[in-house]
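Me: I'm new to this one. Can you walk me through it?

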Amino acid sequence: MPRIAVIGMGAMGGAVAKVLMSSGAEVVTYLEGRSPGTRDRALAAGVRDVDLTALLGADIILSIVPPSQAVAVADLVVTAMRSSQSHTIFIDCNAVSPQTMGKVAQAFENSNARVLDGCIIGGPPEAGRPGPRFYLSGGAKEIVPVLLANGLDARSLDSGVGAASALKMCYAGINKGLIGLGTSMMLAAAKSGADKALMAELFESQSQLLAKFSKGIPDMFPKAYRWVAEMDEIATFLGPDDPAADIFAALADVFQQLATDRTLTGDVAATLSEMLAAQPEGSLNRYDALSNGNFDQGSRGLQPVPSARESQDRAELEEELEEGLEDSFPASDPVSAIVTSIPGRTRT
């Protein structure tokens with residue numbers, strides 16, 4: 001029975017720990033300085049809290065924390081290893097650029113640890129649906145069967161350290177970048193009075209895209225503050241010579257706006273939710289469109305666009321926000337996790 005340490009008991013880390021334990025693995029974590037809520041979640045999941053010395057005794061350490069904390073976690077583990085003979089395998093599973101992954105790997109130079117580059121694509125594992133994919137690079141062929149045998153969908157990339165991180169950046173750039181782009185244009189439409197027309201046109205000509213927005217944008221609200229750092233990582237990955245880097249630096253500002261809005265009035269999120277949650281009595285039809293000058297007589301009536309946010313349990317979204325705010329390592333004050341001055345955010 002392998003012993004696997006999971007650093008980071010947020011939504012993803014906690015769910016991954018449950019999968020590992022249900023498959024027979026011994027799972028431990030390190031909760032020094034973490035909030036009572038985080039400790040309660042780990043306890044409820046049956047994950048044993050250990051000190052750093054015991055943590056280093058694990059066969060595999062999975063780091064599953066916000067991207068801004070990836071290097072800090074690596075430094076913490078390396079510092080503890082200086083007085084240890086551990087030969088553990090450290091897998092960084094975070095949404096970081098290959099450049100940041102390089103810093104993580106560099107931290108472990110001259111240590112006994114073996115470092116692998118990892119990324120997670122997909123949401124936290126849940127009963128009744130396939131779990132996320134763990135992609136590993138840097139020489140992980142013999143590690144993948146261990147993770148597979150313990151319930152994780154692990155896949156090996158036949159490339160060095162940095163390849164898994166690059167995969168995450170590219171996938172997140174498409175997936176989350178599209179959510180950011182849709183958010184930006186929907187807010188622009190609302191500001192200019194074209195919101196009903198935009199939603200009507202999306203319904204008629206881009207129904208699959210609208211379905212993605214209807215689920216993805218509300219799901220993003222409690223996670224927006226974490227996506228800020230992820231967009232910055234993608235911009236770093238692309239580099240200053242790639243014009244697309246500016247796109248993702250700007251999308252970081254978009255998600256910062258949503259993160260700040262969530263701590264203040266919630267008006268921005270409410271605007272987006274209202275646009276996506278057209279009810280039968282409030283959905284746009286050709287008469288509504290004609291009344292505001294958006295369509296001609298040939299416009300067809302519309303069916304309501306279902307609200308993804310309303311179909312979810314609000315308490316679950318709030319719990320996810322709480323987990324996310326606590327999921328910095330070491331623990332941080334949730335208030336300090338979000339910058340409230342959007343124009344003043346410094347791009348790197």
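Me: What is the mean pLDDT of the protein chain?
Reply: This is a predicted model. The mean pLDDT of the protein chain is 83. 80% of its residues reach 70 or more.

Me: Where does pLDDT stay under 50?
Reply: Over residues 279-344. Where pLDDT is low, predicted coordinates should not be read in detail.

Me: Next, the inside. Which residues touch the most other members of the largest nonpolar core?
Reply: I217, M220 and L272 do, in a core of 35 residues. Elements giving two or more residues to this core are α7, α8, α9, α10, α11 and α12. With nine residues, α11 gives the most.

Me: What does M220 touch, leaving out residues up to four places away in sequence?
Reply: I179, T183, W227, F255 and L258. Another core, of 30 residues, lies apart from the largest one. Among its residues are I4, V27, V144 and L147.

Me: Switching topic. How many aromatic pairs does a search of the whole structure find?
Reply: Two. In one, the ring centres of F90 and F108 are 4.6 Å apart, with planes at 35°, so that pair is tilted. F90 is in strand β5, and F108 is in the loop between α5 and β6.

Me: Is F90 buried or exposed?
Reply: Buried, with a relative accessible area of 0%. F108 counts as buried too, at 3%.

Me: And why is the pair of W227 and F255 edge-to-face?
Reply: Because their planes are at 85°, with ring centres 5.2 Å apart. W227 lies in helix α10 and F255 in helix α11, so the pair ties together parts 28 residues apart in sequence. W227 is buried at 9% relative accessible area, and F255 is buried at 0%.

Note on methods. Residues numbered from 1 in each chain as written. Predicted model: local features only at pLDDT ≥ 70, side-chain atom pairs only at ≥ 80, totals over all residues. Heavy atoms only, no water. pLDDT = per-residue confidence, 0-100. Contact = heavy atoms within 4.5 Å. Core = buried A, V, L, I, M, F, W, Y, C linked by side-chain atoms within 4.5 Å. Buried < 20%, exposed > 50% of the residue type's maximum accessible area, 1.4 Å probe, protein only. Helix = DSSP H or I, 4+ residues; strand = E, 2+ residues; numbered from the N terminus. Phe/Tyr/Trp six-rings, centres within 6.5 Å; stacked < 30°, edge-to-face > 60°.
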